[in-house]
Amino acid sequence: MRRIGLQVFRHVHALDLEFQEGPRTVSGSVTVTADSLVGALSQVVLDLEGSLAVSSVMRGPTALAFTHAGDLLEIDLDQPFDAGQPFELTITYSGSPATG
């Protein structure tokens with residue numbers, strides 16, 4: 001995951017990943033903490049390699065709707081966030097990265 005759209009300031013809060021050598025796979029989760037830079041933020045878009053499968057996106061105990069097409073993960077937030085309002089997302093995924 002390399003970017004969130006220009007509508008949020010973010011940093012990665014926690015990584016919990018497991019790597020396998022043969023076949024080369026990765027599985028685990030990343031938790032992203034972000035602050036909305038705009039009012040009424042209702043969707044976040046992240047880069048995530050298309051060869052990785054997302055099994056869930058959570059905000060606390062709430063499962064969020066998402067689509068993963070190509071290298072973009074689009075996440076529908078469960079509520080709009082005002083400018084400056086923080087939120088945290090946990091994305092669980094697995095698969096065989098094409099590179100790296």
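The following legends describe close-up views of a predicted model.

In this predicted model, local features need pLDDT of at least 70 and side-chain atom pairs count only at pLDDT 80 or more, while totals for chains, interfaces and linings use all residues. Residues are numbered from 1 along each chain as its sequence is written, and side-chain values use heavy atoms, with hydrogens and water left out.

**View 1. The largest nonpolar core has 20 residues.** A nonpolar core is a set of buried Ala, Val, Leu, Ile, Met, Phe, Trp, Tyr and Cys residues joined through side-chain atoms within 4.5 Å. Buried denotes under 20% relative accessible area, exposed over 50%, and partly exposed the range in between (1.4 Å probe, protein chains only). The members that touch the most other members are V54, L73, I75, L77, F87, L89 and I91. Two or more residues each come from β2 (25-36), β3 (41-47), β4 (52-59), β7 (72-81) and β8 (86-95). Strands (E, at least two residues) and helices (H or I, at least four) are DSSP runs, numbered from the N terminus. Leaving aside residues up to four places away in sequence, L89 is in contact with V30, T31, V32, M58, R59, L64, I75 and L77; contact means heavy atoms within 4.5 Å.

**View 2. F81 and F87 form an aromatic pair.** This pair is the one aromatic pair that the structure holds. The ring centres of F81 and F87 are 4.8 Å apart and the planes stand at 35°, so the pair is classed as tilted. Rings of Phe, Tyr and Trp (its six-membered ring) pair if their centres lie within 6.5 Å; planes under 30 degrees apart count as stacked, over 60 as edge-to-face and the rest as tilted. Both partners are buried: F81 has 1% relative accessibility, and F87 has 4%.

**View 3. Strands β3, β7 and β6 form an open sheet.** The order is β3-β7-β6, and the pairing is antiparallel; two strands pair if DSSP finds at least two bridges between them. Because β3 and β6 (66-69) are edge strands with a single partner each, one side of each has no neighbour in the sheet. From one strand to the next, the twist averages 20°, with axes as lines fitted to C-alpha atoms (for helices over the stretch in contact) and angles running from 0 to 180 degrees between N-to-C directions. Four bridges connect β6 with β7, and T67 has E74 in β7 as its bridge partner.

**View 4. D71 lies in the loop between β6 and β7.** The hairpin of these strands has two residues between them, and G70 there adopts a positive phi near 60°. D71 is partly exposed, at 41% relative accessible area. Beyond residues up to four places away in sequence, D71 touches L46, D47, L48, E49 and G50. Although D71 and L46 are 25 residues apart along the chain, their C-alpha atoms are separated by 8.4 Å. A polar atom of the D71 side chain lies 2.7 Å from the backbone nitrogen of G50.

View 5. T33 belongs to strand β2 and is buried, with a relative accessible area of 17%.

**View 6. A40 has a positive phi of about 60° although it is not a glycine.** Most residues other than glycine have a negative phi. A40 is placed in the loop between β2 and β3 and is exposed, at 52% relative accessibility.

Key: Polar contact = N/O pair within 3.5 Å; in protein donor to acceptor, adjacent residues only side chain to side chain.
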